[in-house]
Amino acid sequence: MLTGPDASPENRHRFIQEARVLAHLEHPNIVPIHELGVGADGQAYYTMKFVKGVTLHRVLDEIKTRNAETIAKYPLSQLLTTFQKVCDAVSFAHSKGIVHRDLKPENIMLGDFGEVLVMDWGLAKTLPSGAGIPPAPAEVSSAMPSRTEWPPDSVGAGEATPFQTLEGRIMGTPHFMSPEQAEGRIGDIDVRTDIYTLGGILYNLMTLSPPVSGASLAEVLEQISNGTIRPPSSFNQKTKPRPAGRGLATPDTQPIALPHCPGRHIPEALSAVAMKALARESERRYQTVAELQKDVAAFQGGFATSAEQAGAWRLLTLAIKRRKMEFSLGAAALLIILALVTGFMVKVTSTLAELRRTAPALHQQTLALI
């Protein structure tokens, strides 16, 4: 811990608490911790697996700046696979009664060989229903503040840069913070708080922008509290100013680039999934991470999501897209059958017409024979 023995009681507690939480979360998508201790100088430390790679935040920034190599490596389909692995880690933590509270692209590491690791569990909260976390080792106890040294989750919040974690009563990262966090409603924080921030990450994957923006922290928190979030699909029509050329009276406009999206277009169905996860009221969000994952998987598989409330025509369109080969063969077979039936009907009609023409003569011949 960089500030060592001079760190505030709260910072010491969070440093050691993160190590204890990670020791309780053994999962392929959560960075493992190896040791927690205190050095001879009284400085607390822990050792973790070394993760070689880049943050998801950096990947999205490179896509935004149209880095061709990054766009080719991380199209939206690949980013959704990454998102599912993040959800796996968060869902596992929830099964242990632990809420992350600070999920964001900066806290997600992408390894060189497809590894996805959720980092920075310093603001994790153990729910009353959780199994609890292991006690700190004896040699660390002296470095931990007592519960009476500082009021957890109740100190005032300070100013922070847009992507910097806020500490204190309002805890989290402003642009990805849930309404209950922004309003300091600590008692309302539960697994659905993480579902909101997962929705923010999904939003960021599509639009390359966070769900909310503002000139100040107060403006950002107000937008979160009011639920002022535009759907990701609205970015399909969004325009930005283009510098006016010589002789032009006003600037022209051009579409915002979404080079990683299929057809440079954000899918409406996936937009609906993100907006459901980002609902202001927690009861209107997905109630579990598994529900969110199910909808994302449905989109990936070409099925309708529960968030979009698809009608019959939409379901038929998706079915045709999923079974292009079968529908093509069926259509070809139908055309062949129609051609055969048409030829047969033409032949029958021709035969009946001929019989009608020859019937009177045959009738007279029959009478003559009789």
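## Salt bridges

The count comes to 9 salt bridges. The model is predicted.

Glu62 and Arg58 form a salt bridge, 3.2 Å from N to O. Both residues sit in helix 2 (residues 56–64). They are 4 residues apart, about one turn of the helix. Glu62 is partly exposed, at 24% relative accessible area. Arg58 is also partly exposed, with a relative accessibility of 47%.

Glu180 and Arg285 make a salt bridge of 2.9 Å, N to O. This pair links distant parts of the chain, 105 residues apart. Glu180 is in helix 6 (residues 179–182). Arg285 is in the loop between helix 9 (268–277) and helix 10. Both Glu180 and Arg285 are buried.

Asp190 and Arg192 meet in a salt bridge of 2.8 Å, N to O. Asp190 has a relative accessible area of 19%. Buried means under 20%, so Asp190 counts as buried. Salt bridges also link Glu183, Arg185, Asp188 and Arg280 in a network.

Which side chain of opposite charge is nearest to Asp295? It is Lys276, 5.1 Å away. Asp295 lies in helix 10 (residues 289–300). The side chain of Asp295 does have a polar contact with the side chain of Ser306, at 2.7 Å. Leaving aside neighbours within four places in sequence, Asp295 is in contact with Val273, Tyr286, Thr305, Ser306 and Ala307.

Asp194 is likewise buried and without a salt bridge. For Asp194, the nearest side chain of opposite charge is Arg101, 7.4 Å away. Asp194 is placed in helix 7 (residues 191–207). Not counting residues up to four places away in sequence, Asp194 touches Val90, His94, Val99, His100, Arg101 and Leu103.

## Nonpolar core

The largest nonpolar core has 71 residues. Those with the most contacts inside this core are Phe83, Trp121, Leu198, Leu202 and Leu292. Helix 4 (residues 76–95) gives the most to the core, with 9 residues.

What does Leu292 touch, leaving aside its neighbours within four places in sequence? Its contacts are Phe83, Cys87, Leu198, Val273, Ala277 and Tyr286. Two of these, Phe83 and Leu198, are themselves among the residues with the most contacts inside the core. Val273 and Tyr286 are also in contact with Asp295.

## Aromatic pairs

The structure holds 2 aromatic pairs. In one, the ring centres of Phe15 and Tyr46 are 4.8 Å apart, with the planes at 35°, so the pair is tilted. The pair links distant parts of the chain, 31 residues apart. Phe15 is in helix 1 (residues 9–24), and Tyr46 is in strand 2 (residues 44–48). Phe15 is buried, at 17% relative accessibility. Tyr46 is buried too, with a relative accessible area of 18%.

In the other, the rings of Tyr203 and Phe235 have centres 6.2 Å apart. Their planes are at 85°, so this pair is edge-to-face. This pair also links distant parts of the chain, 32 residues apart. Tyr203 is in helix 7, and Phe235 is in the loop between helix 8 (217–226) and strand 8 (239–242). Tyr203 and Phe235 are both buried.

## Positive phi angles

Most residues other than glycine have a negative phi.

Asp120 has a phi near 55°, a positive value. Asp120 is in the loop between strand 6 (116–118) and strand 7 (125–126). At 30% relative accessibility, Asp120 is partly exposed.

Leu208 has a phi near 65°, again positive. The loop between helix 7 and helix 8 holds Leu208. Is Leu208 buried or exposed? At 7% relative accessibility, Leu208 counts as buried.

Methods:
Residues numbered from 1 in each chain as written. Predicted model: local features only at pLDDT ≥ 70, side-chain atom pairs only at ≥ 80, totals over all residues. Heavy atoms only, no water. Core = buried A, V, L, I, M, F, W, Y, C linked by side-chain atoms within 4.5 Å. Buried < 20%, exposed > 50% of the residue type's maximum accessible area, 1.4 Å probe, protein only. Helix = DSSP H or I, 4+ residues; strand = E, 2+ residues; numbered from the N terminus. Contact = heavy atoms within 4.5 Å. Lys, Arg positive; Asp, Glu negative; His and termini not counted. Salt bridge = Lys/Arg side-chain N within 4 Å of Asp/Glu carboxyl O. Polar contact = N/O pair within 3.5 Å; in protein donor to acceptor, adjacent residues only side chain to side chain. Phe/Tyr/Trp six-rings, centres within 6.5 Å; stacked < 30°, edge-to-face > 60°.
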